[in-house]
Amino acid sequence: MSYARMLLRGSTAILAMHAVAGIIAYALRLFIARSLSLEEFGMLYAVLSFIGFLTLFRDLGFGPALAKHTADFSAKKDHVSIKSSLILVVAFEIAAGIIISALVFALADFISLHYFKANTSLLLKIMVSSFTISG
């Protein structure tokens, strides 16, 4: 099988999966919007945006940097550096995720009252619990 055919087949599969994921996400958003009140829906997305903002501090751009350096190390056939840089980035992201999650979990009541001005402490704790393993 030629590379062009493999590329076309792989790209088509990825496009189809993105389309299915988009449809499911839209249906879920529609279901949630009809199930919750306007205030609850807004608060849910406010907390989701807050968690998304914290992702910037967990990642710090290591993903694109890792992709660039992995390609450089692969061209040099330096497999030890690929492995060590991958381990270093994953360890840093897990450590940063644990620290940020612990801080937000501990300060959930304070953040809830002073930032969201509503009782979103439980929602914040639930969402931040998946913060370390996401992404």
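Phe41 is partly exposed, because its relative accessible area is 22%; buried means under 20% relative accessible area, exposed means over 50%, and partly exposed lies in between (1.4 Å probe, protein chains only). Phe41 belongs to helix α2, where helices are DSSP runs (H or I, at least four residues) numbered from the N terminus. When neighbours within four places in sequence are set aside, Phe41 is in contact with Arg29, Ile32, Ala33 and Leu36, contact being defined as heavy atoms within 4.5 Å.

The model is predicted, so local features need pLDDT of at least 70 and side-chain atom pairs count only at pLDDT 80 or more, whereas totals for chains, interfaces and linings use all residues. Residues are numbered from 1 along each chain as its sequence is written, and side-chain values use heavy atoms, with hydrogens and water left out.

The packing of the helices comes next. Two packed helices are described by the angle between their axes and the distance between the axes. The axes are lines fitted to C-alpha atoms, for helices over the stretch in contact, and the angles run from 0 to 180 degrees between N-to-C directions.

Helix α2 (residues 38-59) and helix α4 (residues 79-106) have axes that come within 9 Å and cross at roughly 140°. The two helices α2 and α4 are therefore oblique to each other; angles under 35 degrees count as roughly parallel, over 145 as roughly antiparallel, 65 to 115 as roughly perpendicular and the rest as oblique. The crossing of α2 and α4 is right-handed, a term used if the near helix is turned clockwise from the far one by less than a right angle. On the α2 side, the contact involves Phe50, Leu54, Phe57, Arg58 and Asp59, which meet Phe92, Glu93, Ala96, Gly97, Ile100 and Val104 of α4. By class, the residues of this contact are seven nonpolar, one polar and three charged. In this scheme Ala, Val, Leu, Ile, Met, Phe, Trp, Tyr, Cys and Pro count as nonpolar, Asp, Glu, Lys and Arg as charged, and the others, Gly among them, as polar.

Helix α2 also packs against α6, with axes that come within 10 Å and cross at roughly 40°. The pair α2 and α6 is therefore oblique, and α2 passes α6 in a right-handed crossing. From α2, the residues Met43, Leu44, Val47, Leu48, Phe50 and Ile51 take part, and from α6 the residues Leu123, Leu124, Met127 and Val128. The contact of α2 with α6 has 10 nonpolar, no polar and no charged residues.

The remaining pairing joins α4 to helix α6 (residues 121-129), at an angle of about 170° and with the axes 9 Å apart. Helices α4 and α6 are therefore roughly antiparallel to each other. Here Ser101, Val104 and Phe105 of α4 meet Leu124, Lys125 and Val128 of α6, a set that divides into four nonpolar, one polar and one charged.

Two residues of α4 may be examined individually. Ser101 lies in this helix and counts as buried, because its relative accessible area is 9%. Apart from neighbours within four places in sequence, Ser101 is in contact with Val128, Phe131 and Thr132. Val89 is likewise found in α4, and Val89 is buried because its relative accessible area is 12%. With residues up to four places away in sequence not counted, Val89 touches Phe62 and Leu66. Between Val89 and Leu8 there are 81 residues of sequence separation and 32 Å in space, C-alpha to C-alpha.

The loops on either side of α3 can be considered together. Leu60 is found in the loop between α2 and α3, and it has a positive phi of about 55° although it is not a glycine. Leu60 is exposed, because its relative accessible area is 53%. Lys77 is placed in the loop between α3 and α4. Its phi is near 60°, a positive value in a residue other than glycine, and Lys77 counts as exposed because its relative accessibility is 65%.
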